[in-house]
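Please keep the sequence and the 3D view at hand while reading.

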Amino acid sequence: PRIAVLASGRGSNLQAVIDAIAAGTLAGEIVGVYSDKPGAVALQRVPEALRWSAEAKRFPSREAFDAELADAVAASRPDWVLCAGYLRILGDAFVQRFRGRTINIHPSLLPKFRGLRTHARAIEEGEQEHGASVHFVIPELDAGALIAQAVVPIHSGDTADLLAERVLSVEHPLLLAVMRLATLGRLAEHGATVSLDGH
Ligand code: GRF
């Protein structure tokens, strides 16, 4: 299966996917890495021929940027589009075009803490547990059908950075478990729910 990855930052989740493919524990091929940040470290993790980026603020509108991104992604003919630390909201047109094959990893136990600053907010709210979720992407932000979650404890004295590190350590195996189901053809979106037999 062909996997396109959208990333804005350091790309440790992308690296986990690259490593699993190299180790033979994930069947698939990275066909492109796409970023809204030309300086993103994530881009450096793949050969130059697989990199696409554009500075979003050079575009007249969100729709204009998204249209260009969507065309670039479509050109790599992906079976799956993986948002791994992609920090820009995807517009409806993009989401509809790749609906049912776009997956996001989000650092919270959704439906809690959609959006940004999830670790700091979890601490501020006095939560005892936190974690990460993988879900299908729909137009509403961080609201698509949940596929899987991983939970970590929040310790007293935790900072947002410490908690982020703890969450990240479970994000990588969580994402790989989901990507294995996806690449085996075992994962399908049915509206607000998910099936794990691919039907
Ligand atoms: C991860 O916590 C991801 O869930 C979030 O941003 C972080 C990105 O990490 N949306 P990386 O770029 O994959 O290292």
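## Annotated positions

Ile89 lies in the loop between β4 and α3 (92-97). The model is a predicted one. Ile89 is partly exposed, because 13 other C-beta atoms lie within 10 Å, and a residue counts as buried only from 20 or more.

In the unreviewed UniProt entry, the annotation "binding site" covers Ile89 together with Arg62, Leu87, Arg88, Leu90 and Asn104. Arg62 belongs to helix α2, which runs over residues 62-75. Arg62 also counts as partly exposed, because it has 16 C-beta neighbours inside 10 Å.

## Around the ligand

The ligand is surrounded by 15 residues, and the closest are Gly9, Ser12, Asn13, Gly85 and Pro107. By type, the shell around the ligand divides into 7 nonpolar, 6 polar and 2 charged residues. Three elements each supply at least two residues of this shell: α1 (12-23), β5 (102-106) and α5 (160-183).

Gly11 is found in the loop between β1 (2-6) and α1. With 23 other C-beta atoms within 10 Å, Gly11 is buried, as the cut-off for a buried residue is 20 or more.

Leaving aside residues up to four places away in sequence, Gly11 touches Ala40, Val41, Ala42, Arg45, Ala84 and Gly85. Gly11 and Gly85 are 74 residues apart along the chain, yet their C-alpha atoms are separated by 6.8 Å. Gly85 is also among the residues closest to the ligand.

## Helix α5

How does the span of α5 agree with its number of residues? At 1.5 Å a residue, the 24 residues of α5 should span 34 Å, and the end C-alpha atoms are 33 Å apart, so the two values agree. The helix does bend, by about 25° at Glu171, and the proline Pro173 follows within four residues. After α5 comes Gly185, whose phi is positive, near 75°.

Which residues of α5 are buried? They are Leu163, Val167, Glu171, His172, Leu174, Leu175, Val178, Met179, Ala182 and Thr183.

Definitions and conventions. Residues are numbered from 1 along each chain as its sequence is written. This is a predicted model: local features need pLDDT of at least 70, side-chain atom pairs count only at pLDDT 80 or more; totals for chains, interfaces and linings use all residues. A residue is near a molecule or strand if its C-beta atom, placed from the backbone, lies within 6 Å of it. Ala, Val, Leu, Ile, Met, Phe, Trp, Tyr, Cys and Pro count as nonpolar, Asp, Glu, Lys and Arg as charged, and the others, Gly among them, as polar. The expected span of a helix is 1.5 Å times one less than its number of residues. The bend at a residue is the angle between axes fitted to the seven residues ending there and the seven starting there. A residue is buried if 20 or more other C-beta atoms lie within 10 Å of its own, exposed if 12 or fewer, and partly exposed in between; C-beta atoms are placed from the backbone. UniProt positions are given in the numbering used here, feature names are shortened, and annotations may be inferred rather than shown by experiment. Two residues are in contact if their C-beta atoms, placed from the backbone, lie within 7 Å.
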